[in-house]
Amino acid sequence: MITGKALGWFTLRSLDDRQALAQLNELQKQIPLLYALLSVNSVALAYTHAEVAPAWMTVWIPAFLVLASLYRLVTWAMRPQIVTDPSHAVRVMQRTILLGSVMAIAYIAWSLGMNQYGGEREHAHVAIFIAITVIGCIFCLMHLPQAALAVTALVTIPYLLFYVTRSDPIYTAIGLNIVLVTLVMTRVLLNSFQGFTQLIRTQRETERLNREVTVLAHTDQVTGLPNRRHFFSELDRINTQELLPGQAWAIGVIDLDRFKAANDTYGHLVGDQVLQMVGQRLRELFEPHEMVARLGGDEFAFLIRADGPMATERADRVCSLLATPMQIGGHLVSIGASCGLATTNEVQGPARALYDSADYALYAAKSENRGSSMLFSADHEQRIRFHRRLEEALQSADLDQEISIHLQPIVHVRTGRIVCLEALARWTNADLGPVAPDTFIPLAERMGLINRLTLLLLGKTLEAASLLPPDMRISFNLSGHDLVSSQTVLAIIALVQKSAVNPRNLVFELTETAVVRDLAIAEQSIGALHALGAEIALDDFGTGQSSLSYLHRFPIDKVKLDRSFLAGVEQAGGCKLLEAVIGLCHSMGIACVAEGVETQDQLLFLQNIACDYYQGYVFARPMPLDAVTSLLERKDHQLLQA
Ligand code: C2E
Ligand code: CA
Ligand code: CA
C-alpha cells in the first residue's frame, strides 16, 4: 500500500494538474542552469586531468557529456514559457527524472573513472567535483524532488562505496562527510518543496473561494436569480455597435403591484415565498441564456435580444403570469406586475440609458395602466426632456421668491361656515410659468429637495395663519419624505413652537403612501406631531389599498375622502360605499371631509349622508391670502345679517 503510494509519488502518477503545471513552470527556470553547471564542472575536471589521463577520458567522454548537456540546455531554454497542458507537464517531468538518472550514472562513472589517474591533488578535485555537482543538482531540481533524490542516490551511493572500499580513512571521511551534507541538503529540499506544495494548495483554495464568493456576490439569495450587480455588469457588457440591421436588445423592468401590502399583511416569510414564486415563474418564461434578475425589493428585470413588438409580447406574458394568484402557506396571494420596456431601436446611447428609459416606461405604465407593459416611446422622451427642464429650473430656483401658498376653504356641511383653510403650494417660474404641485412636489421628492421645501412652505403658512382670525384652522400637507426624516419633523415642531400660531389650530395632512414608506418611523413622527396639539388628517383616502388599518394604528382625527368617491355618487353602488366609509369613520370618532365637491347636487348628497365637512370648487377655489381675508369678511357679514 505504502510502496504503491510511494511509487505513485515517484513516477508522478498521483500529481494533480495544477501542481504539475506549477512545478514545470518553476523547473523551466532552473534546468538550463543545471546543464550549464554540469558543463562547466566537466570542463574543469577534464582540464585538471588533461596531463594525467588518456585523451578518451579527458577529451572524448567529457566532450560527449558537455554536448549532451548543451543539447538539453538548448531544448529546455527553447520550450514554450507557459505550459498549460498538465498531462504534457507530467510527461516532460517523467522524462526529466529518467534522463537525470541516466546522466547521473554517466557522470559518476566518468568521474570515478578519472580517480584512477593522477595524484592527490587530482583525486581531491574529483571529490570536490562530485560534491559540488551533486549539491548543485539538488538545488536546481528543487521543484522536482523525485529527480533530485534519484540523482543524489545514484551519485552518492556508488561514490561512498568507492571510497569506503579503498579503506583509506581520509577518503572514507571525505565520502561520509559529503554523504552527510547531501542528506541534510535533501532534507532542506524536501522541506522547501513541502512549502511550495502548500503554497499551490493555498492558491487553489483561494481561487475556489474567490469563485464561490463571485457566484454569491452575483446571486440574489431569496430567488436564486442573478442580482442587481450581475444584471448591470451584463448590461454594461452588451455592445450595441455589434448589432446587425434588424437586431435589437430589449430591457424590461418589472415592478410587482401590491407586493408591499401582501408583505405587510401576511408577514415577511410569506413575502419571501411570493418572491421565490415570482422568480420561478420568471424562469419559466425565459430561456437559460437570457438574463432575468431580481434588482432588489419587488423589482425584477430582463435583458433579451428582441425588438419592440417581441419584447412587448414577452412582457405581456410576464404581467399575465404574475397576475395569476399564488397559493402560499394557506393564503391565496394575488399580486400583479407592471413592466416598462425599452429597446435599442428607440433608445440610443450607452446601455445604462436603456435601463433608465425602461424605468421611465415602467413609471408611465404604473400611473396610466397598472398591471400592463409599456414600451418607451418618443412621447416619453419628450416628457423626460420637459422634466429635465423642470428639474433644472427647480434646482436653480430662488424658492423663497418663487414659491407661495394658496388657501382653499374647508366648509362645515351643515352650517356653511369656513372652519379651516388648506394651504396648497404654488410655484411660478420666470421661464416655465406656473407649475402644478402635482408635478413639482413629486419632482422635489425625487431630487431630495422636499424637506427644505416643506419647511419653507410651513414658514409661509404659519405667517399667513398669524394674519387670520384666531379661531381659524389651517391645514398643511406633509410629504412621506418629511415623515421619515426625524430631523425634518423636529424642525417642523420647532417652527410651529416659534410661531404665533396655536398648534391646536393646525392640521397636518398625510397620505397613506406617506405612512406606508416606513410604518415604525411614521408612527413616531405622527405621534410627535399629535403630541404638539395638532390634528392629523389622512389625505386622499380611498386611492390606496389598505388604509382602514391605519385608522386604528395612528391617532387620526380626520379623513379626507378622495375626489374619486364623489365621482361614484352618480352610480347607486358609489353612494353606498361613501355612506359606509363615513359611518365607519364616525364609529371611530373620526370626522370626514369630502374633497373635490364641484356641484350643488354633490353637496346636497353630502348633507343627506351626514358628511361633516367639504372642500371644492363649488364653494371656492384655492386663492391667495388677501382674497381669503376678504372672503372671510364677506361671509361673516352674511352670517351676521342672516
Ligand atoms: P391634495 O392635498 O389632495 O389637495 C387638493 C387638491 O385638489 C388641490 O390641488 C386642489 O386645488 C384640488 N381641488 C380642490 N377642490 C377641487 C375641486 O372641486 N375639483 C377638482 N378637480 N380639484 C379640486 P392642487 O393645489 O393642484 O394640489 C395637488 C396636490 O399637490 C395636493 O393634493 C397635494 O397632494 C400636493 N400638494 C399641494 N401643496 C402641497 C404642499 O404644500 N406640500 C405637499 N407635500 N404637497 C402638496
Ligand atoms: Ca391635502
Ligand atoms: Ca386630497
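Helices (H or I, at least four residues) and strands (E, at least two) are DSSP runs, numbered from the N terminus. The model is predicted, and local features need pLDDT of at least 70, side-chain atom pairs count only at pLDDT 80 or more, while totals for chains, interfaces and linings use all residues. Residues are numbered from 1 along each chain as its sequence is written, chains are lettered from A and ligands numbered from 1 in the order in which they are written, and side-chain values use heavy atoms, with hydrogens and water left out.

**Exercise 1. Describe the lining of the second largest pocket.**

Step 1. On a 1 Å grid over the protein atoms alone, a pocket is an open set of points with protein on both sides within 12 Å along at least five of seven lines, a cavity is a set of points where a 1.4 Å probe fits but cannot get out, and lining residues have an atom within 4 Å of a point. Grid points are joined across faces, edges and corners, and a volume is the space filled by probe spheres set on the points.

Step 2. The volume of the second largest pocket is about 380 Å³. Its lining has 17 residues, and Trp9, Gln19, Phe193, Thr197 and Arg201 lie nearest the centre.

Step 3. Two or more lining residues come from each of α2 (17-48), α6 (145-165) and α7 (169-217). With eight residues, α7 gives the most.

Step 4. Ala, Val, Leu, Ile, Met, Phe, Trp, Tyr, Cys and Pro count as nonpolar, Asp, Glu, Lys and Arg as charged, and the others, Gly among them, as polar. In this pocket the lining divides into six nonpolar, seven polar and four charged residues.

**Exercise 2. Describe the lining of the largest cavity.**

Step 1. The structure holds three cavities of 30 Å³ or more, and the largest cavity contains about 220 Å³ of space.

Step 2. Around the largest cavity are 20 lining residues, with Leu38, Met103, Ala104, Cys137 and Val151 nearest its centre.

Step 3. At least two lining residues come from each of α2, α4 (86-114), α5 (120-140) and α6. The largest share, seven residues, belongs to α4.

Step 4. The classes in this lining are 16 nonpolar, four polar and no charged residues.
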